[in-house]
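Trainee: I would like to learn how to read helix packing and chain contacts from a model. Can we go through one together?

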Amino acid sequence: MNVVPLILGIVILASAGTALSLQNIVRSVLLLVLSWFGIAAFYLWAGAEFAAFAQALVYGGAVSMVVLFAVLLTRRGHLDTAVPPPPPGRLLGALLAGGAVAGVIAATVIRTPFASSSDEIPVLAVRRLGTLLMGPHAAALLVTGVLLTAALLGAVVIAAGAKDDKEGAP
Amino acid sequence: MNTLQLCLVLSGLIFGIGLAAALARSSAILVLLGVELMLNAANLNFIAFWRFGPAPEAGTGVLFVLFAIAVAAAEAAVGLALVIALYRHQRNIRLQDATRLKG
């Protein structure tokens, strides 16, 4: 068994678990960025460099900034970034649900006999990825581009809000 | 337990953390972050199966992850725009208070 994914896994799990249990939402986001970078490091270890860089750029760079902007735009006071803890009943239910799903997945994976895995890291050059994206998967690439454009335009429209929000209010 | 199983168990645990956060927290932003974490766990599965699978030269796992990251970015943008719209209407982002459509 390899040590690298074990260490990366501990880092990812610790930072994600801590992030989502904190009261301060800005600290949550910053710790989650660490866990996203851990996942990018995992991709790097697995030999998927392009996916690792995409993960680091999109999550570490873009999504984290968008989330921080949303935090800053939706706070009321100057230092109002604290979120009250969930009531004990809901917390217990959520932990039970998450633990049950993780436990079922882990038990199934451990009891499933997988074929002995090769230890050599596969090589997928960026040139080959580009050929695949432009060749057999060109339609999917186009659809993703259209989806991104539509989603971002929609996000701008939703976030900007209708003008009559202020004027038409009774 | 071999390395593939370790990766899959790790992915399952990340998914569990994301699910627990999405169910427990009341702030819409934290719920969205939990959903993002679950998406990341799914991506980790794809990469693990690609890494240890029989035909890595086809690159299917990596391509799927790239598309999933693009879709997750779109989802995050729309989700956070919805959070801002929610804030404009009710002056907070508590999901328990978003009951305007309740019958």
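Mentor: We will take single helices, then helix pairs, then the contact between chains. Keep in mind that this is a predicted model.

Trainee: Which residues of helix 1 of chain A are buried?

Mentor: Pro5(A), Leu8(A), Gly9(A), Ile12(A), Ala16(A) and Ala19(A) are the buried ones.

Trainee: What do the buried residues of helix 1 of chain A pack against?

Mentor: Their partners are helix 2 (25-46) of chain A and, from chain B, helix 1 (3-24) and helix 2 (28-52). Helix 2 of chain B has 21 of its 25 residues buried, so it is largely enclosed by the rest of the structure.

Trainee: At what angle do helix 2 and helix 3 of chain A pack?

Mentor: The angle is about 170°, with the axes 8 Å apart. Angles over 145 degrees count as roughly antiparallel, and helix 2 and helix 3 of chain A are therefore roughly antiparallel to each other. Among the contact residues are Trp36(A) and Phe37(A) of helix 2 and Tyr59(A) and Gly60(A) of helix 3. By class, this contact has 17 nonpolar, 3 polar and 1 charged residues.

Trainee: Where do helix 6 of chain A and helix 3 of chain B meet?

Mentor: The residues involved include Leu147(A), Leu148(A) and Ala151(A) on helix 6 of chain A, and Val71(B), Ala74(B) and Val78(B) on helix 3 of chain B. The contact divides into 18 nonpolar, 2 polar and no charged residues. The two axes come within 8 Å and cross at roughly 10°, and the helices are therefore roughly parallel to each other.

Trainee: How many residues of chain B are in contact with chain A?

Mentor: 61 residues of chain B are in contact with 70 residues of chain A. Helix 3 of chain B gives the largest share of the chain B side, 21 residues. That side divides into 47 nonpolar, 10 polar and 4 charged residues.

Definitions and conventions: Residues are numbered from 1 along each chain as its sequence is written. Chains are lettered from A and ligands numbered from 1 in the order in which they are written. This is a predicted model: local features need pLDDT of at least 70, side-chain atom pairs count only at pLDDT 80 or more; totals for chains, interfaces and linings use all residues. Axes are lines fitted to C-alpha atoms, for helices over the stretch in contact, and angles run from 0 to 180 degrees between N-to-C directions. Helices (H or I, at least four residues) and strands (E, at least two) are DSSP runs, numbered from the N terminus. Angles under 35 degrees count as roughly parallel, over 145 as roughly antiparallel, 65 to 115 as roughly perpendicular and the rest as oblique. Two residues are in contact if their C-beta atoms, placed from the backbone, lie within 7 Å. Ala, Val, Leu, Ile, Met, Phe, Trp, Tyr, Cys and Pro count as nonpolar, Asp, Glu, Lys and Arg as charged, and the others, Gly among them, as polar. A residue is buried if 20 or more other C-beta atoms lie within 10 Å of its own, exposed if 12 or fewer, and partly exposed in between; C-beta atoms are placed from the backbone.
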